[in-house]
Amino acid sequence: MSDLVLEAKGLTKQYGDFVAVDHLDLSIRRGEVFGLLGPNGAGKTTTILMLLGLTEPTGGEVSVLGFDPARQPLSVKKRVGYMPDQVGFYDDLTARENLIYIAKLNGIPRDQIKRRVEEAIERVRLSHVIDQRTATFSRGMRQRLGLADVLIKNPQLIIMDEPTQGLDPELAHEFLDLIHSLKTEGTTILLSSHLLHQVQAICDRVGLFSQGRMVLQGTVSELARKVLGGAYRIQLQAEGPAAKLRKALEGLRDVNAVEMNNGAIQIEAQKDVRADAAEAVIQAGGRLQGLSVEAQSLDDIYTRYFEEVRNEKVN
Amino acid sequence: MKKSTKPLKTRDEREGSPWTGLGAVLTKEMADHLTGARMLILDALVVLTAVGTIYTALQNIRPGANNEFLYLRLFTTAQEPLPAFVFFLAILVPLIAIALSFDSINGEFNRRTLSRILAQPVYRDALLMGKFLGGLMTLTMVFSAIWLLIFGIGILRLGVPPTAEETGRALWFLLGTIFYGGIWMALAMLFSTVFRSSATAALASIAVWAFFIFFWNIVVGLVTPLLAPDQITNLEQLVAASQSQMVLTRISPLTLYADIATIMLQPTERFLGFVLPVQLDRAIEAPLPLAQSVLVI
Ligand SMILES: Nc1ncnc2c1ncn2[C@@H]1O[C@H](COP(=O)(O)OP(=O)(O)O)[C@@H](O)[C@H]1O
Ligand SMILES: [Mg+2]
């Protein structure tokens with residue numbers, strides 16, 4: 001089997017005159033976590049529904065694990081786990097009963113159901129409430145049960161729509177940790193989110209979406225290099241002769257810009273030049289008081305990209 | 001699962017059995033219905049009317065006096081102030097069918113379980129069919145139990161066992177009742193897919209039910225004169241007019257059910273609607289055998 005788990009070419013969805021997804025090209029390799037990112041209404045959910053055969057594309061081609069979701073939906077749905085953006089359960093049933101139903105729908109043999117259900121619930125650490133009615137579950141527990149619900153079919157690909165939506169930051173991180181642990185076991189994951197900064201850490205590659213178009217695609221540092229020019233932002237606190245410090249820092253290799261504000265210095269660079277910068281400060285007769293590198297922020301990339309697009313249009 | 005080896009030719013040709021997963025849906029639906037509080041209330045309602053009407057009917061039936069089709073008369077005998085059990089059935093069966101399925105689809109949509117279910121390897125058709133059959137089988141179980149109850153009371157009170165003919169007719173009537181329930185269930189499910197709100201779907205179903213109970217006959221009375229020629233001059237026109245009226249009335253499931261009840265439970269009734277004197281001549285005095293009653297429908 002090829003290394004590509006998912007491939008879409010020219011995928012398009014129109015609602016009447018409105019183009020929700022516009023000639024999307026996307027490919028996801030085995031074992032990677034891909035983030036489909038963009039603001040609300042960008043077309044992420046529509047894309048996902050097309051990938052699962054839940055809505056028919058207006059144009060283009062999709063292949064998921066070698067199947068065409070529009071023509072072979074059962075084969076796709078058997079192998080792909082999908083967690084919708086709003087997960088609901090039968091509240092008068094227990095967690096176990098809810099999952100048993102899903103296991104049956106997937107045609108899992110009777111003698112394996114009990115074990116598979118318990119394993120899936122164990123994975124998301126809900127074993128202590130397995131026989132409680134889901135009506136009693138908190139938002140975070142429901143989200144985790146939603147993941148168990150996906151895991152029960154041992155999917156080759158997991159698609160999650162806004163998995164951290166509605167979770168407070170702590171729960172969101174807990175949930176992202178769970179997703180990360182799946183990744184280390186080799187599961188391929190596609191997730192969508194409008195909270196760029198929240199998910200960027202667990203994504204191997206991301207696609208930035210805007211108004212139905214995928215405008216940027218690649219690893220976070222690739223995009224940072226492309227859009228921000230400098231991929232790294234380094235913060236320095238130093239005392240010393242300002243002019244001399246600036247000159248020394250600007251003279252360093254891979255440094256694009258230096259901004260100084262009293263003792264606080266910010267460097268934009270193509271590489272992590274912390275060591276070189278520290279040396280330069282000392283050689284210029286300054287005293288280094290603090291040094292840190294700021295993670296590249298997808299939000300910045302996104303904002304900057306659209307500023308540039310807008311400027312180009314104006315010019 | 002079998003894997004189809006031949007290539008799929010057209011886009012419309014779907015892989016695998018369209019009913020994959022049907023069994024799982026059906027089992028879940030039945031379990032839901034049979035354990036739900038809703039069903040308990042409906043059950044109580046039917047059992048109450050059954051016992052009530054059967055006991056009043058029993059007071060009216062004197063064994064020995066005219067002991068033909070005693071058991072069938074348990075269904076059809078009315079005594080003031082209570083109407084016969086068949087009358088209650090005609091009214092209650094639609095309500096039960098509607099109550100079981102008015103939220104079958106939009107309920108899942110609103111609880112956000114629908115998208116999770118449709119992400120599993122099942123077709124929409126299988127989901128719908130599973131829900132429908134689940135409801136229908138629930139109806140079957142409930143009414144079979146009621147029929148047994150009625151026959152049980154009958155045996156205790158009448159002291160004679162039912163004849164084979166009576167049993168056969170009662171079973172056909174049971175089938176007819178379930179079929180009648182199925183029509184209403186299908187209607188309620190249709191509304192449940194059309195309307196996002198369960199309350200709207202329930203109201204729409206009830207509106208149709210009320211329309212057929214209260215207004216359909218009036219509508220038929222208004223429409224038939226329009227269809228018929230101004231002056232009925234010969235026999236053919238008369239037959240045509242009355243037949244079109246009969247077809248129109250029978251559009252109402254209520255009338256259809258009443259006809260089924262009449263034929264199955266009152267074997268001395270032979271014709272529905274308008275009867276020509278010529279046909280009447282051929283009619284035999286003896287009650288119709290069961291097989292012929294079925295044919296009349
Ligand atoms: N069924 C539909 N009919 C008409 N427009 C739709 C439908 N579903 C989505 N849209 C529109 O398509 C656009 C993309 O929606 P969606 O894919 O849900 O975005 P996202 O998931 O990125 O927030 C939105 O502008 C939305 O209004
Ligand atoms: Mg969305």
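Mentor: B:F211 is partly exposed, with a relative accessible area of 32% (partly exposed lies between buried, under 20%, and exposed, over 50%; 1.4 Å probe, protein chains only). This is a predicted model, in which local features need pLDDT of at least 70, side-chain atom pairs count only at pLDDT 80 or more, and totals for chains, interfaces and linings use all residues. Residues are numbered from 1 along each chain as written, chains are lettered from A and ligands numbered from 1 in the order written, and side-chain values use heavy atoms, without hydrogens and water.

Trainee: Where is B:F211 placed?
Mentor: B:F211 belongs to helix 9 of chain B, residues 198-227 (helices are DSSP runs of H or I, at least four residues, and strands are E runs of at least two, numbered from the N terminus).

Trainee: Now ligand 1: which residues surround it?
Mentor: Among them are A:Y15, A:F18, A:P39, A:K44, A:T45 and A:T46, where near means a heavy atom within 4 Å.

Trainee: How many residues of each class are in the shell around ligand 1?
Mentor: The shell has 5 nonpolar, 5 polar and 1 charged residues.

Trainee: Which element gives the most to the shell?
Mentor: Helix 1 of chain A does, with 3 residues.

Trainee: And how far is the side chain of A:T46 from an oxygen atom of ligand 1?
Mentor: An N or O atom of the A:T46 side chain is 2.5 Å from that oxygen, and for A:T45 the corresponding distance to a ligand 1 oxygen is 2.6 Å.

Conventions
A polar contact is a pair of N or O atoms within 3.5 Å; within protein, one must be able to donate a hydrogen and the other to accept it, and residues adjacent in sequence count only if both atoms are side-chain atoms. Ala, Val, Leu, Ile, Met, Phe, Trp, Tyr, Cys and Pro count as nonpolar, Asp, Glu, Lys and Arg as charged, and the others, Gly among them, as polar.
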